[in-house]
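Below is a short report on salt bridges and nonpolar packing.

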Amino acid sequence: MSNQLRTSPLKRIRFAPVALLAGIFAAVLLSLSLTGTLSGFAASITNSSNTAASGTLIMQEQNANASVTCLSTDGGSVSTNSATCSTINKFGGSTTMTPGTKVDTPITIKNTGTSAASTFTLTPGSTCTQTANGPSNGTATDLCSKMNLVITSGSTTVFSGTLASFKGGAAISLPTAPAAGASVPFNFAVTLDSSAGNTYQGLAASVPMTWTFTA
């Protein structure tokens with residue numbers, strides 16, 4: 001065998017430690033590059049307060065001098081949020097009207113919740129009920145067609161017609177859906193038609209109605 005192909009045992013001994021050290025160094029560099037421990041700068045943000053909560057939508061109705069207040073929570077709680085208010089009579093409650101007499105009843109609807117209303121409607125009840133008023137009563141059966149009603153909000157007329165045409169009507173979209181804390185004024189003007197004769201004496205007419213906020 002030629003001498004040129006032979007490697008002396010001494011050279012192999014010297015080469016082995018060098019190769020081993022080089023391999024170890026390369027492995028360390030690879031490990032550090034994979035773990036990122038050679039990075040000198042770091043930055044981070046932790047969001048520790050991430051919450052979402054619901055607001056409230058509560059309706060308040062008051063008469064002109066704010067002596068009577070009704071709330072949508074009077075029926076139990078905000079979980080129900082629907083109540084009946086029999087202490088504010090939108091038609092004035094007069095029992096002495098004569099033909100041509102007009103009775104005005106101003107009221108205010110307010111959003112006392114924390115969320116703005118997106119819609120605001122007034123829905124007439126399905127019936128106009130005629131009843132006797134006192135001991136002497138006329139024989140007419142259509143008083144609802146002789147009671148005229150005009151509902152206004154500021155300069156806007158919300159409804160104009162008879163109680164007979166008001167009852168059973170579709171929900172009326174009102175001009176302003178109030179923001180939280182905002183109020184909307186209304187006036188109800190009821191007039192006994194001037195054509196009403198003696199047969200309309202001693203009679204009363206009534207139509208329920210429902211105010212609604214949505215958000």
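Are lysine 90 and glutamate 61 buried or exposed? Lysine 90 is buried, and glutamate 61 is buried too. Buried means under 20% relative accessible area, exposed over 50%, and partly exposed in between, with a 1.4 Å probe and protein chains only.

This is a predicted model: local features need pLDDT of at least 70, side-chain atom pairs count only at pLDDT 80 or more, and totals for chains, interfaces and linings use all residues. Residues are numbered from 1 along each chain as its sequence is written, and side-chain values use heavy atoms, leaving out hydrogens and water.

**Salt bridges**

The structure holds two salt bridges (a side-chain nitrogen of Lys or Arg within 4 Å of a carboxyl oxygen of Asp or Glu).

| Pair | N to O distance |
|---|---|
| Lysine 90 and glutamate 61 | 2.9 Å |
| Aspartate 104 and lysine 102 | 3.8 Å |

Aspartate 104 is partly exposed, at 39% relative accessible area. Lysine 102 is exposed, at 52%.

**Nonpolar core**

The largest nonpolar core has 37 residues. Such a core is a set of buried Ala, Val, Leu, Ile, Met, Phe, Trp, Tyr and Cys residues joined through side-chain atoms within 4.5 Å. Phe120, Leu149, Ile151, Phe186, Phe188 and Trp211 have the most contacts inside this core. Strand β9 gives the largest share, five residues. (Strands are DSSP runs of E, at least two residues, numbered from the N terminus.)

Isoleucine 151 touches Leu122, Phe166, Phe186 and Phe188, among others, not counting residues up to four places away in sequence. Contact means heavy atoms within 4.5 Å.

Key:
Helix = DSSP H or I, 4+ residues; strand = E, 2+ residues; numbered from the N terminus.
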